[in-house]
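Keep the structure open beside the text and find each residue as you read.

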Amino acid sequence: MLFKQQVWLRQKLLVLGSLAVGSLLYLVARVGSLDRLQPICPVESRFGGAHNQAEFPLRALQFKRGLLHEFRKGNSSKEQVHLHDLVQQLPKAIIIGVRKGGTRALLEMLNLHPAVVKASQEIHFFDNDENYAKGIEWYRKKMPFSYPQQITIEKSPAYFITEEVPERIYKMNSSIKLLIIVREPTTRAISDYTQVLEGKERKNKTYYKFEKLAIDPNTCEVNTKYKAVRTSIYTKHLERWLKYFPIEQFHVVDGDRLITEPLPELQLVEKFLNLPPRISQYNLYFNATRGFYCLRFNIIFNKCLAGSKGRIHPESKRTLILTMVLIYEENFLAIPRDSVATERN
Ligand code: A3P
């Protein structure tokens with residue numbers, strides 16, 4: 001009887017002991033994970049310290065990666081969000097387009113900067129009437145968590161070509177910074193066509209050749225009614241934006257250069273956004289298999305863009321491309337790139 005009681009007691013102690021050790025381990029892990037987040041949030045900010053561009057929490061990139069990972073996955077408790085003073089902020093800068101200009105690459109590369117937090121998805125708030133009707137709070141709630149000193153950036157390339165968008169963005173924030181990334185217009189149009197073609201092929205649908213769509217068969221001139229062509233007439237769209245925003249609020253990124261030599265383009269954007277220069281060559285490495293620059297957060301984390309970026313373009317008639325380039329050249333060069341030029345000098 002006594003022996004039985006001893007065994008029962010020993011079992012109980014064993015269970016209690018494991019529970020205690022388990023709880024201890026959990027506590028250590030949890031405090032450890034909070035500690036890891038702690039250094040990246042300056043104490044002053046928790047008490048609503050004055051905002052100063054030079055005081056961005058310039059933590060190491062691996063910390064940022066860890067932070068975003070935790071909060072995105074919804075692992076954050078309300079207390080964590082509160083403790084770290086995290087907020088969902090309206091964007092201070094928007095990549096408004098141009099579709100297939102390299103908008104995703106630009107957003108991902110800017111997100112390497114510790115003071116930048118990207119909205120991962122395209123929100124389509126200003127170009128979609130249904131979303132817009134949901135109101136600005138709906139839009140804000142779509143934004144990622146960030147520290148008050150960080151800036152949120154979103155990209156929705158359809159903004160650039162949608163009639164109502166400039167006015168709507170102006171109503172939200174008339175001093176917002178606007179980023180436009182452009183590529184040589186014919187290449188951009190073909191890239192646009194290639195994306196649509198891929199969708200059609202996936203649905204087993206037949207589709208016209210690019211030259212058939214891009215050239216009006218009656219006039220043998222460039223068909224500006226074809227959407228892929230129309231989008232590439234950058235100045236036509238930009239005119240609408242300039243009715244609401246002064247040129248100083250725009251920065252035009254050279255999308256062709258972002259492919260071959262991304263760092264100088266990113267440094268210009270850092271300057272435009274009044275951010276201290278933090279993206280370096282270390283963060284960008286050329287991946288020969290992909291044929292593009294990829295992103296390096298630290299010794300462990302790196303990533304290339306998805307395979308849908310960098311598609312092989314179908315062959316198009318060289319003469320046609322030359323014609324289009326010549327026609328476009330005028331409007332491409334007419335893009336007011338004053339702000340870019342001054343920054344480069
Ligand atoms: P292609 O697929 O025609 O090559 P967007 O993100 O606006 O849709 O633009 C897609 C384009 O981004 C791609 O067009 C690709 O050329 C370009 N791009 C620029 N930098 C890139 C990078 N580092 N990795 C992959 N694609 C990149």
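1. Let's begin with the cysteines. This is a predicted model, and a search of the whole structure turns up one disulfide. The partners are Cys294 and Cys304, whose sulfur atoms sit 2.0 Å apart. In case the term is new to you, a disulfide is a covalent bond between the sulfur atoms of two cysteines. The link of Cys294 and Cys304 is right-handed, with 100 degrees about the S-S bond.

2. Where do Cys294 and Cys304 sit in the chain? Cys294 belongs to strand β9 (residues 292-296), while Cys304 is in the loop between β10 (302-303) and α15 (318-333); the two are 10 residues apart. Their surroundings are worth checking too. Cys294 counts as buried because its relative accessibility is 1%, which is under the 20% limit for that label. Cys304, at 25% relative accessibility, counts as partly exposed.

3. Stay with β9 for a moment. Strand β8 (residues 284-287) pairs with β9 in the antiparallel sense, over four bridges. Which residue of β9 is the bridge partner of Tyr285? It is Cys294, the cysteine that forms the disulfide with Cys304. The hairpin of β8 and β9 has four residues between the strands, and in it Gly291 takes a positive phi near 80 degrees.

4. Now step back to the whole chain. You can count 16 helices and 10 strands. Of its 345 residues, 44% count as buried. The accessible surface comes to about 19,100 Å², and carbon and sulfur atoms hold 58% of that. Among contacts with a separation of 6 or more, 73% are between residues 24 or more positions apart.

5. Next, look for the open sheet of five strands. Reading across, the order is β3-β5-β2-β6-β7, and the pairing is parallel. The edges are β3 (116-118) and β7 (250-254), each of which pairs on one side only. From one strand to the next, the twist averages 25 degrees. As a general point, side chains in a regular strand alternate between the two faces of the sheet.

6. At one end of that order, strand β6 (residues 177-182) and β7 pair in the parallel sense over five bridges.

7. Setting aside neighbours within four places in sequence, the contacts of Ile153 include Ala93, Ile95, Leu107, Leu110 and Leu273. Val116, Val117, Lys118 and Ala119 are also among the contacts of Ile153.

8. Asn131 is placed in helix α6 (residues 129-132) and is buried, with a relative accessible area of 11%. Beyond its neighbours within four places in sequence, Asn131 is in contact with Ile123, His124, Phe125 and Trp138. Thr186 is in helix α9 (residues 185-202) and is buried at 0%. The C-alpha atoms of Thr186 and Val229 are separated by 7.8 Å, though the two residues are 43 apart along the chain.

9. Finally, some backbone details to check by eye. The peptide bond from Gly97 to Val98 is cis, with omega near 5 degrees, and Val98 lies in the loop between β2 and α5. Asn204 has a positive phi of about 60 degrees although it is not a glycine; you will find Asn204 in the loop between α9 and α10 (210-214). Asn274 also has a positive phi of about 60 degrees, and its loop runs between α14 and β8. Are these asparagines buried or exposed? Asn204 is exposed, with a relative accessible area of 75%, and Asn274 is partly exposed, at 43%.

Notes:
Residues numbered from 1 in each chain as written. Predicted model: local features only at pLDDT ≥ 70, side-chain atom pairs only at ≥ 80, totals over all residues. Heavy atoms only, no water. Buried < 20%, exposed > 50% of the residue type's maximum accessible area, 1.4 Å probe, protein only. Contact = heavy atoms within 4.5 Å. Areas by Shrake-Rupley, 256 points an atom, 1.4 Å probe, with all protein chains shown as cover. Pairing = 2+ DSSP bridges. Axes fitted to C-alpha atoms, helices over the stretch in contact; angles between N-to-C directions. Disulfide = S-S within 2.5 Å.
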